[in-house]
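Here are my notes on this structure. Please read them beside the coordinates.

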Amino acid sequence: MSSAARRVLVTGASSGIGAATVRRLRAEGWRVVAAARRKDRLEALAEETGAEAFALDVTDDAAVEHLVEHLRATGGLDAVVNNAGGALGLDTVEAADVDGWRHMYELNVLGTLRVTQGVLPLLREAGGGDVLNVTSTAAHGAYEGGAGYTGVKHAERMLTTTLRWEIVGEPVRVIEISPGNVATEEFSLVRFGGDADRAAAVYDGYQPLVAEDVADAIWWTLSRPAHVNVDLMVVRPRAQAHNTKVARTGV
């Protein structure tokens with residue numbers, strides 16, 4: 001597991017935590033395949049960092065199969081960062097949008113499943129590697145209006161934990177990074193349907209995490225010696241004690 005030679009796939013790489021992770025890993029000299037749906041953003045990131053851009057929709061079986069074929073044909077893989085995901089809405093269970101819940105499940109859970117199933121053989125062929133799933137503190141607690149998102153993140157967390165149990169003894173580490181509130185350019189904006197004021201209010205009155213904080217945690221766990229598995233890292237702003245327990249000033 002020579003760090004300098006590692007090749008890492010990062011999904012959801014066109015913005016936010018994914019793009020910051022690509023930049024962090026490339027700064028360490030790692031080879032990075034940056035995958036996401038928005039090809040224009042990926043190409044700009046690739047030009048900036050020297051990463052390889054690969055257009056990918058993790059909800060598309062054929063697209064994931066094509067990615068795996070490409071990775072195998074171009075040198076294999078040492079690690080995957082399953083970062084693609086997101087939240088939609090903050091509705092009560094009674095008023096929940098079933099289609100929105102279905103989309104979140106496809107993206108956060110089945111997308112992670114598809115990619116993980118596809119790359120596990122590549123990690124084995126490489127003699128070992130890492131599956132790192134970016135979940136959320138939503139995977140570890142409930143809050144009003146959050147049942148859809150906490151539900152899919154709990155499912156992604158169980159996927160991660162169960163995989164670790166199922167392949168124990170193999171030279172493949174399974175890592176979960178669970179960020180709290182992270183101010184990125186799109187997460188809350190997408191969640192609230194483009195309502196910029198409502199999205200900004202999530203981060204009023206305290207210093208949230210930024211994408212680079214999470215990217216640094218991802219790099220650190222991946223760079224540990226091969227015998228060290230960081231099962232779970234929860235990373236929150238200092239001002240956030242729980243999903244909805246945030247110390248705000250001047251608000």
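1. Contact here means heavy atoms within 4.5 Å. By that criterion, and leaving aside neighbours within four places in sequence, Thr59 is in contact with Glu106, Leu107 and Arg114.

2. Some ground rules. This is a predicted model, in which local features need pLDDT of at least 70 and side-chain atom pairs count only at pLDDT 80 or more, while totals for chains, interfaces and linings use all residues. Residues are numbered from 1 along each chain as its sequence is written, and side-chain values use heavy atoms, with hydrogens and water left out.

3. Back to Thr59. Thr59 sits in the loop between strand 3 (52–55) and helix 3 (61–73). Helices (H or I, at least four residues) and strands (E, at least two) are DSSP runs, numbered from the N terminus. Thr59 has a relative accessible area of 26%, so it is partly exposed. The cut-offs: buried is under 20% relative accessible area, exposed is over 50%, and partly exposed is in between (1.4 Å probe, protein chains only). Thr11 lies 48 residues from Thr59 in sequence, and 12 Å from it in space, C-alpha to C-alpha.

4. Not counting residues up to four places away in sequence, Glu156 touches Asn82, Asn108, Val109, Thr112, Asn133, Val134 and Thr135. Ala79 is 77 residues away along the chain, and its C-alpha is 18 Å from that of Glu156.

5. Now the helix pair. Helix 1 (residues 16–27) and helix 2 (residues 39–49) pack at about 20°, axes 10 Å apart. That angle makes the two roughly parallel (angles under 35 degrees count as such). Axes are lines fitted to C-alpha atoms, for helices over the stretch in contact, and angles run from 0 to 180 degrees between N-to-C directions. Helix 1 supplies Ala19, Val22, Arg23 and Arg26 to the contact; helix 2 supplies Leu45, Glu48 and Thr49.

6. Val22 also belongs to the largest nonpolar core, of 33 residues. Such a core is a set of buried Ala, Val, Leu, Ile, Met, Phe, Trp, Tyr and Cys residues joined through side-chain atoms within 4.5 Å. Val10, Val22, Val81, Leu132, Ile218 and Leu222 touch the most other members. Helix 8 (residues 211–222) gives the most to this core, with seven residues. Another core lies apart from it, with 25 residues, including Ala63, Leu71, Leu77 and Val131.

Key. Parallel < 35°, antiparallel > 145°, perpendicular 65-115°, else oblique.
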